[in-house]
Amino acid sequence: MAEQELSLKSLRLAGLPEFDPPPQLWARIEAAHARRRQQRRLTYWSAAAGVVLAVAGLVAVVAPPAPARPSALLQLERQSQELEQVYAGLAQPFSPLESEVELHAIETALQQAYDRGAAAEELAPLWEQRNAVLSSLIALSADGAQLTRI
Amino acid sequence: MNMNSPEPRSGFAQEIDAVTLARARRGDVSAHAVIYKTFARPCYTLAMRVLGSPAAAEDIVQDVFLKLMDAVRQYRGDAPFGAWLKRMTVNAAIDQLRSQRHIGPDDPERLFANAAETGAVLAADVHDVMALLQRLPPRARLILVLHELEGYTHKELAELFGQTESYSKSILSRSLKRLQEWLNTKPDVELQAWPSRS
């Protein structure tokens, strides 16, 4: 037989057997697939948690620490917000020009103080001033009287 | 793959319907099971023919189907699904032979050097076509199975092994000649194809 004519068919080897995989193989593949998916999910969430922690750590390092606010200062801030809401809720708020100018000046001073990281000792008097002006305006609005401050 | 060649015996020519394919792409395990049911046999048969070991063939099928469950999302239908899966099976088989250093040297002379030492076929082996095939060096067996049974062209084999077409032609020719020599040691024996077995 010439070499170039050789083939599995000419050698009568074409009828090679076919094989069936063992019946339990699919169950093994399914189980391996489920394990892999679970592992990927775990890896994903671990990575996500790692990223969140890394970002939080980075923010903590890069961002300046928030100044500790004494409870007295917080109390003044809260009081100021409440007065502001009351004043804003008045049907006919009494708002003379000089009071508005004074309020604006106090708020500007507060903003500048916060911008330069001022201490609570400097901030508290400004909040007290703001609260005083707001309280006066609320009282006068209720009485319908003119604001007179010395 | 040469699509004009006769339909391969291994069953990779079967088709998967579009609905099952779409479900498989979405990660539907029952669709994966349908694909497995369709192609497990040809996949396992190819692995058995190339590797000759049930355990190794099971590993190949498992690797291929695990890979398929992810890769099917990227399957765009450029090639028939069976051909795509066959390529994955062949690549997995080559990877396993390489990892076990069974792929053998590139040089055809050296590749067949050990096979020549095995001598004549044992009487029991003559009846077992698979055993005869396993006497060939793994790389030669792979080329023979892919060309003669799976319809690969020499051009495709050359690309697969990073060699020239004449290289795979040479390996194939030597493999067939070696098989003929082994068969001639028992000319009175009529070879019968084995029935399918689990």
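Start in chain B of this predicted model by selecting helix α2, residues 29–51, together with helix α3, residues 54–71. The two helices pack with their axes 9 Å apart and an angle of about 140 degrees between them. That angle makes α2(B) oblique to α3(B); only angles over 145 degrees would count as roughly antiparallel.

On the α2(B) side, pick H32(B), I35(B), Y36(B), A40(B), C43(B), Y44(B), A47(B), M48(B) and L51(B). Facing them from α3(B) are P54(B), A56(B), A57(B), I60(B), V61(B), V64(B), F65(B), L68(B) and M69(B). What is the make-up of this contact between α2(B) and α3(B), by nonpolar, polar and charged residues? It has 17 nonpolar residues, one polar and no charged.

To see who touches whom, select L25(A), R28(A), I29(A), A32(A), H33(A) and R36(A) on α1(A). Their partners on α3(B) are E58(B), V61(B), Q62(B), F65(B), L66(B) and M69(B). Colour this contact by residue class and you will find seven nonpolar, two polar and three charged residues. While you are there, click on V61(B), F65(B) and M69(B): these α3(B) residues are listed in the contact with α2(B) and in the contact with α1(A).

Stay in chain A and select residues 42–63, which an unreviewed UniProt entry annotates as "transmembrane region". In the model, this stretch is 95% helix and 0% strand, and its end C-alpha atoms are 31 Å apart.

Finally, colour chain B by pLDDT. The chain averages 81, and 74% of its residues score at least 70. Where does pLDDT stay under 50 in chain B? One such stretch is residues 116–127, for which the model has 13 contacts beyond four places in sequence. Another is residues 188–198, also below 50, with 17 contacts beyond near neighbours in sequence. For the model as a whole, the scores are ipTM 0.75 and pTM 0.61.

Definitions and conventions: Residues are numbered from 1 along each chain as its sequence is written. Chains are lettered from A and ligands numbered from 1 in the order in which they are written. This is a predicted model: local features need pLDDT of at least 70, side-chain atom pairs count only at pLDDT 80 or more; totals for chains, interfaces and linings use all residues. Axes are lines fitted to C-alpha atoms, for helices over the stretch in contact, and angles run from 0 to 180 degrees between N-to-C directions. Helices (H or I, at least four residues) and strands (E, at least two) are DSSP runs, numbered from the N terminus. Angles under 35 degrees count as roughly parallel, over 145 as roughly antiparallel, 65 to 115 as roughly perpendicular and the rest as oblique. Two residues are in contact if their C-beta atoms, placed from the backbone, lie within 7 Å. Ala, Val, Leu, Ile, Met, Phe, Trp, Tyr, Cys and Pro count as nonpolar, Asp, Glu, Lys and Arg as charged, and the others, Gly among them, as polar. pLDDT is the predictor's confidence in each residue, from 0 to 100. UniProt positions are given in the numbering used here, feature names are shortened, and annotations may be inferred rather than shown by experiment.
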